[in-house]
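Open the structure in your viewer and switch to a cartoon view. Keep the selection tool at hand.

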Amino acid sequence: MGQLIIDAHSHLWLRQDTVVNGFPIHALEPNGSRSLFFGEERQMLPPFMIDGRNTAEVFMSNMDYAQVGAAVVVQEVIDGCQNAYLEQVQRQYPDHFFCMGMAWNLEEAEAVAAAGLKGIAFPGHRMKESLLTLMPVFKMMEERSMIVSMCLADGDKQVDELREVIAECPRLKVAIGHLGMADQPTTPPWENENWRQEILLARNENVRVESGGITWLYNTEFYPYPSAIRAIREAADLVGWDKLMWGSDYPRTITAITYRMSYDFITKSTELTAAQKAAFLGENARRFYGFGAFPELPYIKNMSE
């Protein structure tokens, strides 16, 4: 393929077992690919991952198959804190992964930094407190050149709060997730002022937007996701192609599609130029996260070809 591809939004865990808002979330027996999720059974992993483990080794096999050179690993509270496992992954596979810790106060954030993790992921849409309560954490991260992964809740409250954080910490690198949650069921996101304001945060020098889970956001439309292409183009019109990065939200999104399908609707699109595809799929993430050299990943024919 000859094109650098970096996944800017993925997940790993050894064991999903936590409680969120009083609801237990954990893998189910005997089929560990399914989980109890907010009171209902959900297909959390692809059906061949039967032990409930979402490991770096299985992900790297998917990456090699799809010719993805590296991945950013973020965290979500629904998976439980995976700091210990991601510290191990970062140490064992430093050329493949950029791993984010989870922390909710300065002491926890300093422990994440001491463990060698390169950033912290904040699922803001799960937070009840103001983002501004984390200002000491953001200032510490700015001083140590760590990167923030931030998913924001609906509405404008957290957009305003993040704008204040960016003003207070101008050197802090921030990656906003899920393309600003571009899944408005009745109104296209580009017609929603809250979505526009969230994307416009990337006009700040050290802020980027990644599209993690965009195939999930448009799952009812399904492949090749024409509205997802439209949302990406609209975001680029607001902030420029150099501010956007592709993300898959692996492994949850590949319960419906293959890992390669989570990006090749971009490569096959006739609405984007080759330069736009190259920037979005890999070059922007390479510069923002500081990835180095990548292995050659030749295309390997399937048995069905």
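The stops below go from strands to helices, cysteines and cores.

**Before you start**

This is a predicted model, where local features need pLDDT of at least 70 and side-chain atom pairs count only at pLDDT 80 or more, while totals for chains, interfaces and linings use all residues. Residues are numbered from 1 along each chain as its sequence is written, and side-chain values use heavy atoms, with hydrogens and water left out.

Helices (H or I, at least four residues) and strands (E, at least two) are DSSP runs, numbered from the N terminus. Buried means under 20% relative accessible area, exposed over 50%, and partly exposed in between (1.4 Å probe, protein chains only).

**Stop 1: strand β7**

Select residues 97-101, which are strand β7. Five of the five residues are buried, so the strand is largely enclosed by the rest of the structure. In a regular strand the side chains alternate between the two faces of the sheet. Now show the side chains of β7. F97, C99 and G101 lie on one side, F98 and M100 on the other, and all are buried.

**Stop 2**

Two strands pair if DSSP finds at least two bridges between them. Look for A71, which stands opposite F97.

A crossover is right-handed if, with the strands pointing away from the viewer, the path from the first strand over the helix to the second runs clockwise. Select helix α2, residues 83-92: β6, α2 and β7 make a right-handed β-α-β unit. Select helix α3, residues 106-114: with β7 and β8, α3 makes a right-handed β-α-β unit.

**Stop 3: an antiparallel sheet**

Find the open sheet of four strands, in the order β2-β3-β4-β5, with antiparallel pairing. β2 (17-20) and β5 (40-43) stand at the edges, each with a single partner strand, so one side of each is left without a neighbour in the sheet. Select residues 34-37, strand β4, which pairs with β5 over four bridges in the antiparallel sense. F37 stands opposite E40 in β5.

**Stop 4: helix α4**

Select residues 135-143, helix α4; M135, V137, F138, M140, M141 and E142 are its buried residues. What do the buried residues of α4 pack against? They pack against α3, β8, β9 (147-151) and α5 (157-168). Just after α4, select S145, which takes a positive phi of about 60°.

**Stop 5: the cysteines**

A disulfide is a pair of cysteine sulfur atoms within 2.5 Å. By this rule the count is zero. C81 is in no disulfide, and the nearest cysteine sulfur, that of C99, is 13 Å away. Move to C151. The sulfur of C151 is 16 Å from the closest cysteine sulfur, in C81, too far for a bond. C151 has 8% relative accessibility, so this cysteine counts as buried.

**Stop 6: the cores**

A nonpolar core is a set of buried Ala, Val, Leu, Ile, Met, Phe, Trp, Tyr and Cys residues joined through side-chain atoms within 4.5 Å. The largest has 88 residues, and F97 and L162 have the most contacts inside it. Helix α8 (residues 226-239) gives the largest share of this core, eight residues. Finish with V72, V74, A121 and M245, which are among the 15 residues of a second, separate core.

Technical notes. Contact = heavy atoms within 4.5 Å.
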